[in-house]
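Take a look at the structure first, and then we can go through the details together.

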Amino acid sequence: VVLMPEAQSGSGGSMGSLAALAGINLGGGAGGDALASPNLYPSVFASTPFLKGMFDIRVKDVKQEIDTTLYTYLKDHQEMTWWSYIFSAPKRIMNLFSSNEELDGKNIQINNRILTKGELSVIGNLQNRILISSDKKTGTTTIEVTMQSAEISAFLADSLTSYFQSYIIDYRTQKARNDLEFTEKLYDDSKNNYYKAQQQLASFIDGNLNVVSAKYRTNQERLQNEASLAYSVYNQTAQQLQMARVKVQDNTPVFTIIQPAVMPLQPSAPRKKLILIAFILISSTCAVGWIIRKDIYSLIS
């Protein structure tokens, strides 16, 4: 998959100009955003929280009759070569005599930082199967996924792109969404205070009709000032609420997919033609050596 993230301007773009008209500053631009640069995307892909979040992605292969999660697929549905069993035999024997037991579900739920051996193995497997690279000149980001199934490889590349976009959007808009939530609370409080001040002023006027006194006028003026002040605060928080919503939209990055995921027709590995040629050359060399061995012995003797 080849995608291009939206370029972030330092001044906030048109949204910043709109906020300036209302007398509100949206902030200092993209300089404070840790993930504003696509060069940091490979680090995001290699992080444990990101890879662990992929465990529940559904993968499907019609030919192999596989329809399960990515974690189960990498753990239970991987084919191994015969020499892999030989090389992994000592490790399996050591695991039989190891006293380290798998942590139960209760401990894992209490502390999300604890990972089982199976989860660590799947995370390491994912790190080897997912490749992401960023081109500084063009600003494009390339995502490559290698699986034992061509269908699952293409499906996972497409799902990974959507998951990655959601991950970056959630991170980039986290502060703006927190500010929006706080502004909404201020707006609700100022709205209730303004309505309460209006009700107090109206009740005071209705309860003191045809009353002429300096004390009445003083209390009425005080209530009117409180209502005006509450309305001023209510009006300002209403503007801030609109600007906070604009800021969330402004901080939401847009990714343009240049090349979508395509199911490969030929496997990337193993290269069977090269293996065949290598065996032919080795066999030919051994056969020629076997045939001329007598002539070599005779020359030596």
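Lysine 175 is exposed, as its relative accessible area is 57%. The model you are viewing is predicted. Lysine 175 pairs with aspartate 179 in a salt bridge, with 3.2 Å between the closest N and O atoms. Aspartate 179 is partly exposed, at 29% relative accessible area.

How many salt bridges does a search of the whole structure find? There are three, and the table lists them.

| Salt bridge | N to O distance |
|---|---|
| Asp179 and Lys175 | 3.2 Å |
| Arg222 and Glu226 | 3.3 Å |
| Asp67 and Arg58 | 3.4 Å |

Arginine 222 and glutamate 226 are both in helix α10 (residues 214-251), four residues apart, or about one turn of the helix. Arginine 222 is partly exposed at 41%, and glutamate 226 is partly exposed at 35%. In the remaining pair, aspartate 67 has a relative accessible area of 49% and arginine 58 has 44%.

Helix α9 (residues 174-207) also holds glutamate 184. Together with Glu181, Asp188 and Asp189, Glu184 forms a patch of negative charge on the surface. Glutamate 184 counts as partly exposed because its relative accessibility is 32%.

The largest nonpolar core contains 31 residues, and Met54, Leu70, Leu126 and Met147 have the most contacts inside it. Elements that each supply at least two residues of this core include α2 (41-46), α7 (117-129) and β4 (130-134). Helix α8 gives the largest share, six residues.

Conventions. Residues are numbered from 1 along each chain as its sequence is written. This is a predicted model: local features need pLDDT of at least 70, side-chain atom pairs count only at pLDDT 80 or more; totals for chains, interfaces and linings use all residues. Side-chain values use heavy atoms; hydrogens and water are left out. Patches are made of residues with over 30% relative accessible area and no salt bridge: like charges are joined within 9 Å, nonpolar side chains (Val, Leu, Ile, Met, Phe, Trp, Tyr) within 5 Å. Accessible areas come from the Shrake-Rupley method with a 1.4 Å probe; for residues, only the protein chains shown count as cover. A salt bridge is a side-chain nitrogen of Lys or Arg within 4 Å of a carboxyl oxygen of Asp or Glu. Lys and Arg count as positive and Asp and Glu as negative; His and the chain ends are not counted. The place of a charge is taken as NZ of Lys, CZ of Arg, CG of Asp or CD of Glu. Buried means under 20% relative accessible area, exposed over 50%, partly exposed in between (1.4 Å probe, protein chains only). A nonpolar core is a set of buried Ala, Val, Leu, Ile, Met, Phe, Trp, Tyr and Cys residues joined through side-chain atoms within 4.5 Å.
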